[in-house]
Amino acid sequence: MTLKNPLDMHLHLRENPILKRVAPHSIRNFRAAVIMPNLVPPVCDLTRLKDYKTQILQADEDENFTPLMTLFFKDYDEKFLQNIKDEIFAIKLYPAGITTNSQAGVSSFELEKLKPVLNAMSELEIPLLVHGETNDFVMDREQNFAKIYKLLAKNFPKLKIVMEHITTKTLCELLKDYENLYATLTLHHLMLTLDDVLGTKLNPHLFCKPIAKRYEDKEALCELAFSGYSKIMFGSDSAPHPREQKECCGCAAGIFSAPVILPLLAELFEANSNLENLQKFISDNACQIYHFNFKKDKMISLEKQEWQVPSHYGELVPFMAGEFLKFQIKNVD
């Protein structure tokens with residue numbers, strides 16, 4: 001099978017030296033990726049953004065790949081946003097302290113405080129990407145954020161709002177209620193529930209935020225993805241951490257899925273008799289939502305040939321380490 005212009009609409013590449021190790025997995029197998037800005041310090045200005053983009057492109061210079069750069073949400077004024085508009089794809093909003101390197105995120109969702117930035121983004125047609133979790137009981141955090149999504153969608157109807165890496169049936173249903181709400185879905189949330197993370201013994205390499213939820217939540221996510229639903233886009237949320245930061249007290253949140261994404265998605269969609277909808281999930285939906293028009297296409301061919309996922313890539317342990325997969329990438333044009 002062949003996939004045209006695969007897109008990863010949510011990707012963490014970190015910075016050197018990890019960036020040099022992980023970026024080629026995404027650069028070689030995707031036509032473009034939305035790059036998250038939660039570095040230390042976060043990406044908040046043009047100089048930092050351009051430097052980071054250069055680092056990414058230098059990680060694998062010969063590939064046909066577009067990094068879609070984002071800014072970390074702050075109280076930007078309209079003039080700044082107007083000047084930087086052509087350099088960015090979107091702005092990413094993190095609630096303060098809710099996930100990796102988000103301490104400088106939003107601490108209040110009072111509309112009067114957010115209105116100047118969101119109004120400017122609406123007028124300039126800059127999308128808002130949101131990590132939607134409150135600081136409540138961990139299994140309820142995303143569901144409780146639904147009221148904030150409703151507030152934003154109602155009050156900023158011209159603003160394109162993307163609910164990132166959704167994990168609950170509640171948000172699957174909310175997606176259908178507002179025209180300006182969209183969502184990204186990860187590979188691992190299509191496969192995992194909380195049982196996989198700690199049902200028998202704790203597997204730190206499956207710990208991520210938002211955490212995997214219940215079986216009924218996973219079923220709702222799978223229904224949207226496998227059906228080709230037009231408001232859902234693939235976003236890996238591949239988030240590498242060195243092994244010593246995962247296998248320790250205070251385990252870092254994040255799953256490094258980049259090396260296995262396309263083969264595993266092909267296997268999942270085939271197993272659910274919806275292989276024809278993989279192209280929509282991996283590319284076509286995002287192209288339609290954002291009106292992408294690439295000057296040069298990238299074609300990824302996969303074939304059915306079993307291979308074993310390496311146990312590690314240097315200091316990084318990948319998703320499905322040591323497991324055998326049915327599909328592998330054959331060719332990239």
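Guide: What follows sets several descriptions of this structure against their definitions.

Guide: This is a predicted model, in which local features need pLDDT of at least 70 and side-chain atom pairs count only at pLDDT 80 or more, while totals for chains, interfaces and linings use all residues. Residues are numbered from 1 along each chain as its sequence is written, and side-chain values use heavy atoms, with hydrogens and water left out.

Visitor: Why is Asn29 called buried?

Guide: Buried means under 20% relative accessible area, with exposed over 50% and partly exposed in between, for a 1.4 Å probe and protein chains only. Asn29 has a relative accessible area of 13%, and therefore counts as buried. Asn29 lies in helix H1 (residues 18-29), helices being DSSP runs of H or I with at least four residues and strands runs of E with at least two, numbered from the N terminus.

Visitor: What makes the approach of the Asn29 side chain to His25 a polar contact?

Guide: A polar contact is a pair of N or O atoms within 3.5 Å; within protein, one must be able to donate a hydrogen and the other to accept it, and residues adjacent in sequence count only if both atoms are side-chain atoms. The side chain of Asn29 reaches the backbone oxygen of His25 at 3.1 Å, which is within the 3.5 Å limit.

Visitor: How do you know that Asn5 is buried, and which residues does Asn5 touch?

Guide: The relative accessibility of Asn5 is 4%, so the residue counts as buried. Contact means heavy atoms within 4.5 Å, and, leaving aside residues up to four places away in sequence, Asn5 touches Arg31, Ile282, Ser283, Phe294, Lys296, Asp297 and Lys298. Asn5 itself sits in the loop between strand E1 (2-4) and strand E2 (7-11).

Visitor: What span is expected for helix H4, and what span does H4 reach?

Guide: The expected span of a helix is 1.5 Å times one less than its number of residues. Helix H4 (residues 111-124) has 14 residues and reaches 19 Å from its first C-alpha to its last, close to the 20 Å expected.

Visitor: Where is the kink in H4 centred?

Guide: The bend at a residue is the angle between axes fitted to the seven residues ending there and the seven starting there. In H4 a kink of about 30° is centred on Val117. Val117 is also among the buried residues of H4, which pack against helix H3 (78-84), strand E5 (90-93), strand E6 (128-130) and helix H6 (146-155).

Visitor: How do you know that E1 and strand E10 are paired?

Guide: Two strands pair if DSSP finds at least two bridges between them. E1 and strand E10 (residues 299-308) have three bridges, in the antiparallel sense, and the bridge partner of Leu3 in E10 is Ile300.

Visitor: Why are E2 and strand E9 described as standing at the edges?

Guide: The open sheet of eight strands runs in the order E2-E3-E4-E5-E6-E7-E8-E9, with parallel pairing. E2 and strand E9 (232-234) each have a single partner strand, so one side of each is left without a neighbour in the sheet. The twist averages 25° from one strand to the next, where axes are lines fitted to C-alpha atoms, for helices over the stretch in contact, and angles run from 0 to 180 degrees between N-to-C directions. The partner of E9 is strand E8 (residues 181-185), paired in the parallel sense over three bridges.
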